[in-house]
Amino acid sequence: MDAIKTPDMNDWEAMVERIHSHLGIPKDYALKRKLEIFPEATHLVLVMIDSQGKPFRLEPQTASAWLKMEEAALKDSIKLIAFSGFRSYKYQLDLIRGQTENGKSIDEVLRKLAAPGFSEHHTGRAIDITAVDCPPATDEFEGTKEFVWLTKYAGDFQFVLSYPVDNIHGFIYEPWHWAYQG
Ligand SMILES: [Zn+2]
């Protein structure tokens with residue numbers, strides 16, 4: 001029986017190259033968008049099963065910071081709803097393919113979704129957050145009291161907004177996407 005080998009950086013790069021050529025992503029994507037490859041997290045904890053029945057998993061330190069922040073918010077009557085945590089390369093590939101198969105161009109899709117290998121979600125340290133009655137992953141989140149709370153207190157739990165307005169990576173503004181920096 002073969003021993004299971006943990007992938008090293010070369011393996012991740014090779015995987016990214018394969019997936020990108022399959023999706024028709026230009027070779028200069030990472031350079032142009034100032035992005036670095038994120039290997040998939042190897043240690044994850046299951047935080048919950050989300051409303052769609054999917055597992056919501058995070059890197060352990062991020063999970064514990066998230067739970068503390070969620071609880072602190074609740075004390076202020078703020079209900080933070082997480083809708084996306086860890087994502088594998090394969091999951092990101094399927095997300096993108098779902099959109100290109102619906103007729104969107106790859107360029108358009110890559111403004112909103114990072115190419116497989118370059119999503120902060122691969123690290124298990126990024127969380128997409130929404131509020132009750134707010135459609136997930138929309139600008140509307142910026143107008144909620146949950147967002148206002150996050151801008152005030154997320155830093156206390158070492159969460160930072162990754163993609164502000166006019167970010168250097170060319171992603172659209174993502175008020176819902178927060179990452180743990182601890
Ligand atoms: Zn996100």
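Guide: A pocket, on a 1 Å grid over the protein atoms alone, is an open set of points where a 1.4 Å probe fits, with protein on both sides within 12 Å along at least five of seven lines; lining residues have an atom within 4 Å of a point. Grid points are joined across faces, edges and corners, and a volume is the space filled by probe spheres set on the points. This is a predicted model, in which local features need pLDDT of at least 70, side-chain atom pairs count only at pLDDT 80 or more, and totals for chains, interfaces and linings use all residues. Residues are numbered from 1 along each chain as its sequence is written, and side-chain values use heavy atoms, with hydrogens and water left out.

Visitor: What volume does the largest pocket have?

Guide: Rolling a probe the size of a water molecule over the atoms shows where empty space is left. For the largest pocket, the lining has 35 residues, with Phe83, Ser84, Arg87, Asp128 and Ala137 nearest the centre. The volume of the largest pocket is about 740 Å³.

Visitor: How many residues of that lining are charged?

Guide: Ala, Val, Leu, Ile, Met, Phe, Trp, Tyr, Cys and Pro count as nonpolar, Asp, Glu, Lys and Arg as charged, and the others, Gly among them, as polar. In the largest pocket, 16 lining residues are nonpolar and nine are polar, and the number of charged ones is 10.

Visitor: Which residues lie closest to the centre of the second largest pocket?

Guide: The second largest pocket has a volume of about 210 Å³. Of its 14 lining residues, the closest to the centre are Lys54, Pro55, Phe86, Arg87 and Tyr91.

Visitor: Is histidine 121 buried or exposed?

Guide: Buried means under 20% relative accessible area, exposed over 50%, and partly exposed in between (1.4 Å probe, protein chains only). Histidine 121 has a relative accessible area of 2%, so it is buried.

Visitor: Which side chain makes a polar contact with the side chain of histidine 121?

Guide: A polar contact is a pair of N or O atoms within 3.5 Å; within protein, one must be able to donate a hydrogen and the other to accept it, and residues adjacent in sequence count only if both atoms are side-chain atoms. For histidine 121 the distance is 3.2 Å, and the partner is aspartate 128.

Visitor: Is histidine 169 buried or exposed?

Guide: The relative accessible area of histidine 169 is 17%, so this residue is buried.
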